[in-house]
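Here is a predicted model to read through by question and answer. Look at the fold before reading on.

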Amino acid sequence: MYTVNYTSSSVKELKKLPSNVQDRIRDAIEELKENPRHSGVEKLTTSSKSQEYRIRVGDYRVKFLIHDDVLTIFVIKVGHRKNIYN
């Protein structure tokens, strides 16, 4: 089972969202602990950020890194889909 770590900026971004969205995002992140590459996870294909993944939660996205050697997921960004890829 993987552990999840959050960057300080991702925690701040998550806290700014409505509480019902926060709950849905936390549930989606909890699912990653069991299987970090399930069918809803997509690898981002930009050349410089090839190790980043994302999951969709409605109109929101969670960007994260997977470190298989230490069984850790690092949540690096949380936000609305129009702002997340900037």
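Q: How many helices and strands are there in the protein?
A: Helices (H or I, at least four residues) and strands (E, at least two) are DSSP runs, numbered from the N terminus. Along the sequence they follow the pattern β-α-α-β-β-β-β. The protein has 2 helices and 5 strands.

Residues are numbered from 1 along each chain as its sequence is written. In this predicted model, local features need pLDDT of at least 70, side-chain atom pairs count only at pLDDT 80 or more, and totals for chains, interfaces and linings use all residues, while side-chain values use heavy atoms, with hydrogens and water left out.

Q: Which strands stand at the edges of the sheet?
A: Two strands pair if DSSP finds at least two bridges between them. The open sheet has mixed pairing and the order β1-β5-β4-β3-β2. Each edge strand has a single partner, so one side of it is left without a neighbour in the sheet. These strands are β1 (3–6) and β2 (41–43).

Q: How many bridges join β4 to β5?
A: β4 covers residues 60–67 and β5 residues 72–80, and the two run antiparallel. Within this pair, Val 62 stands opposite Val 78. The number of bridges joining β4 to β5 is 8.

Q: What share of the 86 residues is buried?
A: Buried means under 20% relative accessible area, exposed over 50%, and partly exposed in between (1.4 Å probe, protein chains only). By that cut-off, the buried share of the 86 residues is 36%.
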